[in-house]
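Please have the model open while I talk.

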Amino acid sequence: MAPAGEVDVNGCDGDEGEADAIANASLLAGFSESAEIKALLASLPDLHEDSVSRETGTERFLVIMDRYQEQPHLLDSHLEWMLNMLLKLIRDEKSPPLLVHLGFKFLYIISKVRGYKTFMQLFPHEVADMQPVLDLLCRQDPKDTETWETRYMLLLWLSMTCLIPFDLSRLDGHLNSEPGLNREPIMDRILAVAKTYLRVSDKSRDAASVLVSKFVTRPDVKQKRLGDFLDWTLTTISQASDLTMEGTVTLDGALQSLAQLFKHGKREDFLQYAPTVLQCLDQKKIAESSLAMLRKLGVKVVQRLGLTFLKPRLAKWRYQRGSRSLAVNLAQSTAAGKVLDAKPELESGSREEDYDIPEEVENVIEQLLGGLKDKETIVRWSAAKGIGRVTGRLPKELADEVVGSVLDCFSFQETDNAWHGGCLALAELGRRGLLLPSRLSDVVPVILKALTYDEKRGACSLGSNVRDAACYVCWAFARAYDPSELKPYVNQIASALVITAIFDRNVTCRKAASAAFQENVGRQGTFPHGIDILTAADYFAVGNLNNCYLTISVYIAGFEEYTKPMIDHLVSRKINHWDGVIRDLATKALHNLTPQAPDYMAKTVVPQLLSMATGMDLHGRHGAILACAEITHALYKVGAESNRPVTDLLSSDSIQGLKGIHQKTSKTYICVLLTIYAFAEVLIELLFNHCVWICSLQEAAVSALAALCEEYYQLQPGVADTHMQEQLVSQYLAALRSPEVLTRCGCALALGSLPRFMIHSKLQQVILDSLQEACRMTQKEGFAEARRDAATAMARVCVTAGVCAQGSPDSAVCEKNVTAVYEALLDCMNDYITDSRGDVGAWVRAAAMTGLLDLTLQVAGSAPELLSPAICQRMMCCLAQQAAEKIDRYRAHAGSVFLQLLHSTQPVVPHIPHREELLSIFPPHSAESLNWNAASQAFPHVSQLLRLPVYQYHTLLGLAVSVGGLTETTVRYSSHSLFEHLKGIQQDSAALLQFGDTLLRIFRDNLHNDRVSVPFLKMLDQILANNLLFLLSLCKEEIKKSKDIQKLRSCVAVYCGLILFQGDVRKKILVQLMMLLCHPFPVIRKATASQVYEMLLTYDDVIDAAVLDDVMTVLSDTNWESDLTTVRSHRNQLCDWLGVPRPTVLAKVIQ
C-alpha cells in the first residue's frame, strides 16, 4: 500500500505504541546460527588468504544474515560480541589489509540487516578512538571499488566518535607536530574527509552525510564551521549539473547532507540559514530534475526547511482519539466518552493567534503539494510525509487550507500520480490527527472513488497504486477516529473495501483491502458482519481471483448490506472492463449472485445491461451481452425451482430488448448465442438466421446449440422433431460448401455438436458424406481450418452416433461405413499444405490424430471386428511417421496417440502390427516419463521402429524430414539416432539391402515433392558422409603395417576416387594421401604422387587455383624415391598448400 516496502497495513510508522500480530509461517524464534557465526568469524584469519575460501565464507555469512532481514531485532543481543570479534581483527596491527577489509565487509553486512542507526551506536566512541579511525580513513583510496564497505563503516564509526563531549581543539594541542610542518586541526581534517566522501559514487556518500549531521551540529564545530560548510554546500549545488554523472553524484551528496543537518540540528542554529537554502533550491529547480532520487532529496530538504521555519509544537486543535491500544479500545467499547490523550502539550502557555507564520512556509507547502503529483512513488511518499509534518505545526485555519489543496488532487483532470499522492497525504494527515471529523464528508467520497480508480492506457491500465493507497487511507482512518465519527460512513466504506477485496484485478490491492477491512473491524467494531466476512475473505483467501469472484462473493452477498453494492459495482465497473478475463468473471459472478436478488436483477440490472449492449463502448457491449446471458440463465434456474417460466420474471420490455440485441450488435458479439441458449423459448426463430456465422466465431456457440437441441427439438426423449431436424441439418450441410472458410468451420463444428437424436437417420447419406467431402484437399491455397474442423466434426459425429457392427449406416458406425470414415481421417494425415502462416496442414493432421484416437477406442470397445488389419496397420504407420517428424508439438501429439492406442487395455485395440516388439520399445511403465517434445528423448525411441519392416517406410519418411531439417537440436538427435541404427545393421546384409530399398522407394514416391526431396537429399548426404568416414577408417586399418604392394596401391586408388566427396571426408582423405607420400616403400611414394597428380587434373576444385601450379610442379618434379628426409620436406610443403596438418613421426616406445 502506498509505496511498496515502506508502509504496510499490518505495520506502524513508528508513532504507535503497539506491535501488530503478523501471521508468518516462517517466523524465527531466535538467532539459532550464533555458534556457526562465532566459528566463522574466528576462522577469518585462516580463510582470508584463499580467494575461494574467502568467498565461500562471505557467502555463507550473507545467507545466514539475510534470513533475519524481516526480524532483525533477534540479532540485538548478539551484535556486541560480533562487533567486538571483528574489531579485534581490525585493530590488530598484525592483520594484513585484506583481513581488515574482510572484517569491515562483515560489519557492513550486519549493519545492512540490523540498520545502520542501531548498529553504529555500538561502535566504541571514546577519545582514544577518534585519531586511529580518522587516520585509517585517510589512508583509504576513495576510488577503490573493492573496499567501499571499509570506507562506509569507518565513516559511521567516525560519526560516533564525533559525539565525545570535549572540544576538538584539545585534541589538537596534544599532537606532536614534526619540526617545520604545520599539522591540520582535526576539525578541518574531518570536514575535509566529509566533503571528499560526499562526492564519491558509492554508498560511502550516505555515511558521509551521517557524519556531517553528527559533526557539524557539535557546539564547537557549528560555532566555527557551520556557516562555511553551508556556503560550500550551496555553492556545490549551484555549480553542479544533473546532466552529468559526476554532477548527479555531487548533488546527491550535498542534498543528503542538507537534509541530515536540518533534521538533526537545532532550529535556533539553522533558522537564519533556512531562507538562503530555500532560495538556492528554488533557483536550482531540483523539482524539474529528470532523476527521481534528486527530486526526492529536494522534497526532503524542503520539508525540513518548513519544519525549521515553524516552531516545534503539537497542534492543540488536532483530533485526539485517545488510547491507541486495541486491548483498551475493546475493553472500553461499552463505556461512554473518550480517553484523553496523555501526550504532553508543547507551548501550552502560548496562544496560536500570537504566532506569525513566515512567508516562506507558503513556498514550502506549494513545493510539497507539487511533490504529491510527481511521477515517482518515492517522491510522492516523501512529499506526503512532509505535508503531514508541516501541517501539524500550522494553525487550524491554515491547516484546513492545506487539506483543501490536497483534496484538489482528486480531480479527474489530474493524473493517477496526483491521486496516489493525495491518498498518501490524506493518510498521513488522518494518522496524525490533522484531518478533523468535519472534513470527513469531503474526504470519504474521494476515497471511495479512489478505491475503484482504473484508467486504461494502451494495452494495460493505471490505478492499482491509487487503489492500494486508498486502502492505506482506510487503514489509517480505522486507527485515527473514534467509531462515532465514522459511523455515518461505515456502510459506504465497508462496501467499498469488500468490493475491492474480492473484485479488484490486482492481488496486492485485494490483500490491502482485506487488511484494511480487518483493521476497521478490530478498531471500529461497527462494520456489518465484519467477523463473518473476515473469516471468508481473509488476507490469504483473496489471493485467488477465481475464488474471489465465484465463491467468496456469493457468501458475502448473503448479507443484504453488501448485495446491491456488489451487483452495482459489477455492472458499472467490471462488465465493461478492458480485460476480457475480468469481464468473463464478472458475468459469471452476476450469474451466481442472481439468486440473492432475483427481482433486482430482473427489474433493474437487465434493463441497464440492455442499454449498455447497444452502446458505443466495445468492451461494454461485449460484457453486457455476456451478462444478459448469464443473468437470464440464472433467472431461468430460479424460475424452474418454482415451476415458473423465465418470461414471468422479466418485463415485456426486457424480453423484447433481448430479442432485438442481434439486430443492433455486430457479428463480433457472438455471446448473443448464450442469450439465445437461456432464452431459447422466446428467441428460437433467431437461430436459423444467425447461427451460421455465430458458430464460425466462437466454439461456445457449439455448446449452446447442443443444449438448445436437447431442450427444444425432442418430441420425446431420443426422438427428434423431424421438421426441425431436416431444416437445421440441411442448412448446415449447405453452408459446408460456402466459399467463406469461417462459415465452413462454424457449420462443421455445429454438425459435430449435434446430439444423437438429431443425427439419427441422417448419418451416412447426409452428414458423413458431406464431412468426408469437406476433408478432401480440393484446393491447395486454403481452407485448412475448414478441413481441420471437418475432421474433428466427423470423429465427434461417429462417437456420438455410436457403433453397431450390423446396424444401419444412417444411424451408427457399422461395417458399411467404417472403412470410408477411416480412409477420410487417414487421408487427412497426409495434409501438408503450407501458406504464409507455415505448415497449416499440421492443424488438419492433429485433428485427424485426435479423431482417430477417439473413434478407434469407441470401435474397439463396441465392435472390435470392424477394425481390419489393414486399417490398424495404416493408422499405426501414419502415427509412427508423424512421431518421427520435425515439429515438436505435433510429434508429441502423435507419440501420445500412438502410445495410448498401444497401451490401451480397456478396450484392447486389435491387429496392431508387431505389438510385442512395440511394447519392448515403449514399455507401459516408462511411457508417461517419455517427453516427446524433447528431440533427445523422442528420436532414440522412434528410430527403433526402423527394425520393424511394417513401420520402416513411414518411420524413415518422417526421419528424412527431421534429419534434413533446419532446427539444430532436431537435426542432431534425429541424425544421431539414424546413424546408430545403421551401425547396428552393418553386419546384416539383408537388413542393409532392405534399408536401401526403402530409401529408393521414398525417393521414387516423392520425386519433385520439395517437402520431402530436399531434406531427403540432405539426409542422404549425411548418410554417405557418415559411412564414408567409416570406410576410410576401415581402409586405414586394412593397410596398417601392411607390406603388400598391391593392397597399398589399391588403397591409394580408393582414396583418390573418394576425393570427390567434400567436407570432412575430403580433408581426411588428403591427410591419408600425404602420409602415404612418406611411406617407407619408395614405390608406394612414387605411385601415390602419380595418382594424386592425376586426381588433381580430374578434380580442379580440390585445392585453391592460386597454389595449383606449385602443387603440380612439386608432385611431378620431386624424386619421391629419394631418402625420406628430402621427401618429407616436400610433403610438408604440400600439406601447407593443401591446408591440412603436417603428419608427425611417432617415436617408438622402448619397453
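The count is 37 salt bridges, where a salt bridge is a side-chain nitrogen of Lys or Arg within 4 Å of a carboxyl oxygen of Asp or Glu. This is a predicted model, in which local features need pLDDT of at least 70 and side-chain atom pairs count only at pLDDT 80 or more, while totals for chains, interfaces and linings use all residues. Residues are numbered from 1 along each chain as its sequence is written, and side-chain values use heavy atoms, with hydrogens and water left out.

Take R467 and D504, which form a salt bridge at 2.4 Å, N to O. R467 sits in helix 23 (residues 464–480) and D504 in the loop between helix 25 (490–503) and helix 26 (507–523), so the pair ties together parts 37 residues apart in sequence. Helices here are DSSP runs of H or I, at least four residues, numbered from the N terminus.

Are these two buried or exposed? R467 is buried at 6% relative accessibility, and D504 is buried at 5%. Buried means under 20% relative accessible area, exposed over 50%, and partly exposed in between, with a 1.4 Å probe and protein chains only.

Next, R788 pairs with D789, with 3.1 Å between the closest N and O atoms. R788 is partly exposed at 25%; D789 is buried at 7%.

Finally, R972 and E968 meet in a salt bridge at 3.6 Å, N to O. They are four residues apart in helix 52 (residues 968–984), about one helical turn. R972 is partly exposed at 39%, and E968 is exposed at 61%. Elsewhere, salt bridges with shared partners join D400, R439 and D442 into one network.

How values were computed. Helix = DSSP H or I, 4+ residues; strand = E, 2+ residues; numbered from the N terminus.
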